[in-house]
Amino acid sequence: MTRNILIELIVQNHAGVMSHITGLFSRRGFNLEGILCAKIGDGSRSRMYLLVKDDEQLEQIEKQLGKLYDVLSVKVIEKFDETIFDRLQEYAGVETVIVPD
Amino acid sequence: MKYSGAEIITHLLEGQGIDTVFGIPGGANLPLYNALYKSKLRHILARHEQGAGFMAQGISRSTGKPAVCFATSGPGATNLLTAIADAKLDSIPVIAITGQVSSALIGTDAFQEIDTYGLSMPITKHNFLVRSAAELLEVIPEAFRIAISGRPGPVLIDVPKDVQQECIEISSWPEPANEIPAIAPDLQNIKVAAEMISQAKRPILYIGGGIIHADASELAVKLAHYSSIPAVSTLMGSGVFKHDDPFYLGMLGMHGARYTNKALHECDLLLAFGVRFDDRATGKVARFCPDAKIIHADIDNAEFGKIKKTDVALHGDIKDILTLLLDLVNNQNRSDWIDQIALMKKQLQPAPISDDLFNPANIIRSVGALVNSDTIISTDVGQHQMWVAQMYPFSKPRTLLTSGGLGTMGFGLPAAIGAAYANPDKKVVLFTGDGSLLMNIQELATLADLNLNLTIILLNNGHLGLVRQQQELFYSGNYIASRFATNPDFKAIAEGFGITSYDLNNHQSPISLLSRALSEQKPCFINVPIHHSHNVMPIVPPGAANIESIEG
């Protein structure tokens with residue numbers, strides 16, 4: 001099985017940014033396993049984590065993300081705690097529910 | 001002094017060097033048109049927003065400069081989308097400014113409200129939804145900077161009506177935007193590339209629209225000549241090489257000559273410069289230049305490895321890259337390779353073309369012989385487009401305006417109008433088909449308004465010819481929806497718009513009529529009946545490798 005890898009983006013924080021990024025993934029047929037996003041600093045920027053497969057698409061994903069005007073930086077992170085994506089409900093204070101496939 | 005958002009837009013467009021905008025007014029951009037009334041900008045009223053978008057493209061494609069179009073909200077914006085998507089695929093710097101319903105109405109399904117921002121996102125280089133008049137001071141110059149820097153492309157700016165009307169005090173204006181200089185090419189990679197070129201036995205230079213965007217045509221030709229590298233071109237690269245240049249092998253790909261595709265198949269080094277390995281150029285990618293190492297030079301970093309693995313990537317302005325390479329490559333004659341290609345050319349002769357003037361190849365060549373080399377050729381999309389690409393004697397960059405990436409029927413007439421408007425010293429000739437022309441025929445009215453030096457040559461076969469051809473060759477002759485049940489009297493239609501019209505049908509001396517029509521300095525329409533059985537040859541069957549093309 002292909003392992004997952006994390007892409008960290010620093011992006012401008014305005015209403016259309018998330019659409020630009022998710023639109024890029026759907027338009028180019030890239031797979032996206034998870035997203036985390038929150039504003040940073042004074043709120044003019046956001047940090048976004050995209051969970052993607054570490055496969056032959058990764059290079060194009062990085063390059064195409066880098067072309068988006070509102071994306072200020074793209075960094076690939078190999079070492080990270082993937083359980084954060086599984087434990088989101090804990091952080092939200094909600095009881096963990098396993099949704100059947 | 002106080003300015004409205006609309007006045008800010010017209011003021012900044014003027015500062016950006018724009019003198020003309022193309023568009024159609026409507027409810028949500030009326031404040032903008034009111035500002036136009038008082039500005040120095042000239043407005044050209046199109047008859048459909050798609051026409052306005054392609055007219056702006058005609059300016060940009062023929063001059064290399066950014067051009068502007070306007071549309072209102074809702075249907076105005078949706079009508080514009082095809083022209084914007086077309087600009088995206090061919091990397092044309094068009095700025096589209098659309099009116100939007102007032103901010104308070106956004107999201108309420110108001111009259112003529114549509115999510116223009118959302119719709120234009122995947123078909124623009126970037127897009128903006130402006131939220132205040134003050135934002136325009138940043139957004140307008142930024143839109144130009146984005147459109148013209150790096151790989152060019154269209155930018156859409158959606159401006160709600162209340163933002164156009166909002167008045168703000170302005171004490172100083174932003175500087176007009178300039179192009180951001182491209183990244184300097186990596187010298188080590190240039191050295192490696194130069195060494196590979198020097199060592200190669202059978203190199204081929206594969207050039208495309210990127211060479212034209214970078215104004216690097218002379219340098220590309222110089223490299224081919226200096227180091228004896230035979231060159232092939234994509235549709236978008238037409239005009240970089242003179243059609244009769246001894247090193248030029250013509251267009252590659254789906255409708256390229258068989259020897260051209262054969263030479264590519266045999267090459268040991270592919271210099272892919274300003275190209276994106278489009279499927280119409282490569283055929284089956286796995287079998288495209290199977291024995292070649294690839295040096296890929298492009299302004300867009302994301303093009304490297306997108307379709308084909310690259311051995312050396314040269315990222316930067318092609319002009320800089322070619323200049324640096326020319327200092328390093330050696331002068332050689334590669335006579336074995338040149339002889340080998342000459343032999344291929346002899347062995348793979350195209351099917352002979354009949355003498356009949358009404359063979360489209362002969363019409364196109366006759367026009368090529370009658371007009372001078374500055375003439376700008378616009379085409380629509382289909383068989384006539386490929387015949388022009390194959391037969392017309394191009395010899396200068398920016399003399400072919402054609403919808404390469406999106407393949408938009410209806411492109412030709414409005415693009416030709418834009419080009420004729422921007423190049424009053426040149427003749428513009430539109431080659432079109434009866435299917436394509438009907439898709440934006442309303443712009444004959446705009447042409448009549450402007451009285452431009454534009455000759456329209458309609459290769460009229462009563463069919464969607466390229467569809468008919470594919471049904472004949474690849475769908476067992478099951479013709480469906482490719483023949484028009486009726487064929488309108490196009491000469492009468494053009495005359496109805498007030499345009500001088502001719503019909504070559506049954507004319508005693510068609511060549512002298514063609515010559516007379518082309519010598520007109522005003523709009524002129526010529527109907528040329530052609531038989532529907534003419535096919536574009538050679539053709540690579542769907543899914544096949546380029547060397548598997550069929551000829552007749």
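Predicted model: local features only at pLDDT ≥ 70, side-chain atom pairs only at ≥ 80, totals over all residues.

Chain A, then. It has 4 helices and 4 strands. Follow the sequence and the order is β-α-β-β-α-β-α-α. The C-alpha trace spans about 40 × 35 × 25 Å along its principal axes.

Now the contacts inside chain A. Take those with a separation of 6 or more: 69% of them join residues 24 or more positions apart. As for burial, 15% of the 101 residues in chain A are buried.

Next, the contact between the chains. Chain A puts in 11 residues, and chain B puts in 11 residues. On the chain A side, two elements give two or more residues each: α1, residues 17-27, and α2, residues 58-67. Which gives the most? That is α2(A), with 5 residues. And what kind of residues does chain A use here? There are 6 polar, 4 charged and 1 nonpolar.

On to the cores. In soluble globular proteins, nonpolar side chains tend to be buried together. The largest nonpolar core here has 171 residues. The members that touch the most other members are B:C69, B:L205, B:Y206, B:A220, B:F273 and B:I526. Helix α6 of chain B, residues 133-148, supplies the largest share of this core, 10 residues.

Let's zoom in on B:A220. What does it touch, leaving out residues up to four places away in sequence? The list is B:L205, B:I207, B:I211, B:V240, B:F273 and B:L322.

B:A220 is one of the buried residues of helix α10 of chain B, residues 217-226. What covers them? The cover includes three strands of chain B: β9 (203-207), β10 (231-233) and β12 (269-273). It also includes the helices α9 (209-213) and α13 (318-328) of chain B.

α10(B) is followed by B:S228, and its phi is positive, near 50°.

That's my tour. Over to you.

Conventions
Residues numbered from 1 in each chain as written. Chains lettered and ligands numbered in written order. Contact = placed C-beta atoms within 7 Å. Nonpolar A, V, L, I, M, F, W, Y, C, P; charged D, E, K, R; others polar. Buried ≥ 20, exposed ≤ 12 C-beta atoms within 10 Å, placed from the backbone. Core = buried A, V, L, I, M, F, W, Y, C linked by C-beta atoms within 7 Å.
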